[in-house]
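Please keep the sequence and the model in view while reading.

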Amino acid sequence: MHSLPITRRFLKNPLIGVAILLVGVAFFEALTWLFSFEKKMAIMQSFGGAGSYFGILMRGAVLPEIVTLLIVLMLINLVHQGLALRSVRLTPGGIGLYELTFLPVLLLAFPVFNPFTQTVRYLLVEFPDYDFNAFYTTHLVETFTWRIYFLYLLPVLIYGYGALNISLVKDLLSARAGGRTTVA
């Protein structure tokens, strides 16, 4: 049975993940503009025009979610190191078991990344009118709810499993090119 050495080159280079996230945001924005042009135009006008709209999109959504992505990637790398995952069996069961290993991490990542994501969001959106009480209440305490957890769950699963699978495919292509799959 063949096994694939795991290099995590993709997982160790968060800039690639950030680039993929930015492409995903651009794609999502393009779709929402395509299917809800009038609604998006009204939203953009309520923000004061295109510059303000895209500014708040970057400050309120994209940049804070980059923090979420980076923390999720860090947690995945920590699990690889902590469990000394060096290879994966190239069978459906082996790959499934490898991916299942990360499900608890992705399900429990929320309390790790949420304070950082919300802090960055607060600092970027509320600049320069900071109020610690408002920050503590609305960006920390009130975001630790089941509603917010489940709102984040799908994107975190997409970030995590997307990164794991892209990394596996890159490792597989690299190993096949170099003849480095091993027989176990």
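## Buried charges and the spaces around them

E65 is buried, with a relative accessible area of 15%, where buried means under 20% relative accessible area, exposed over 50%, and partly exposed in between, with a 1.4 Å probe and protein chains only. The structure is a predicted model, in which local features need pLDDT of at least 70 and side-chain atom pairs count only at pLDDT 80 or more, while totals for chains, interfaces and linings use all residues. Residues are numbered from 1 along each chain as its sequence is written, and side-chain values use heavy atoms, with hydrogens and water left out.

**The chain as a whole**

The protein chain has 9 helices and 3 strands, these elements being DSSP runs numbered from the N terminus (helices H or I, at least four residues; strands E, at least two). Along the sequence they follow the pattern β-α-α-α-α-β-α-α-α-α-α-β. The C-alpha trace spans about 60 × 35 × 25 Å along its principal axes, and of the 184 residues of the chain 36% count as buried.

**Salt bridges**

How many salt bridges does the chain hold by the rule used here? The count comes to 2, a salt bridge being a side-chain nitrogen of Lys or Arg within 4 Å of a carboxyl oxygen of Asp or Glu. In one of them E65 pairs with R121, and their closest N and O atoms are 2.7 Å apart. Because E65 lies in helix α4 and R121 in helix α7, this pair ties together parts that are 56 residues apart in sequence. R121 also counts as buried, at 15% relative accessibility.

K40 forms a salt bridge with E29, with the closest N and O atoms 3.1 Å apart. This pair links distant parts of the chain, as K40 belongs to helix α3 (residues 37-46) and E29 to helix α2 (residues 14-35), 11 residues apart. K40 counts as buried at 11% relative accessibility, and E29 is buried with a relative accessible area of 10%.

**Helix α4**

Helix α4 (residues 50-82) has 33 residues, which at 1.5 Å a residue should span 48 Å, and its end C-alpha atoms are 46 Å apart, which agrees; the expected span is 1.5 Å times one less than the number of residues. The helix bends by about 40 degrees at M58, the bend being the angle between axes fitted to the seven residues ending there and the seven starting there. Just after α4, A84 takes a positive phi of about 50 degrees. I66 also has its place in helix α4, and it is buried, with a relative accessible area of 14%. I66 and P14 are 52 residues apart in sequence, yet their C-alpha atoms are 9.6 Å apart in space.

**Pockets and a cavity**

Rolling a probe the size of a water molecule over the atoms shows where empty space is left. On a 1 Å grid over the protein atoms alone, a cavity is a set of points where a 1.4 Å probe fits but cannot get out, a pocket is an open set with protein on both sides within 12 Å along at least five of seven lines, and lining residues have an atom within 4 Å of a point. Grid points are joined across faces, edges and corners, and a volume is the space filled by probe spheres set on the points. In the classes below, Ala, Val, Leu, Ile, Met, Phe, Trp, Tyr, Cys and Pro count as nonpolar, Asp, Glu, Lys and Arg as charged, and the others, Gly among them, as polar.

| Space | Volume | Lining by class |
|---|---|---|
| Largest pocket | about 590 Å³ | 15 nonpolar, 4 polar, 2 charged residues |
| Second largest pocket | about 280 Å³ | 7 nonpolar, 4 polar, 2 charged residues |
| Largest cavity | about 30 Å³ | 7 nonpolar, no polar, no charged residues |

Of the 21 residues that line the largest pocket, L21, G24, V25, E65 and Y159 are the closest to its centre. Helix α4 gives the most to this lining, with 8 residues. The second largest pocket is lined by 13 residues, and those nearest its centre are E65, L151, Y152, P155 and Y159. Here the largest share, 7 residues, comes from α9.

The structure holds 1 cavity of 30 Å³ or more, and L106, F110, F113, Y149, Y152, L153 and V156 line the largest cavity. Helix α9 gives the most to the lining of the largest cavity, with 4 residues.
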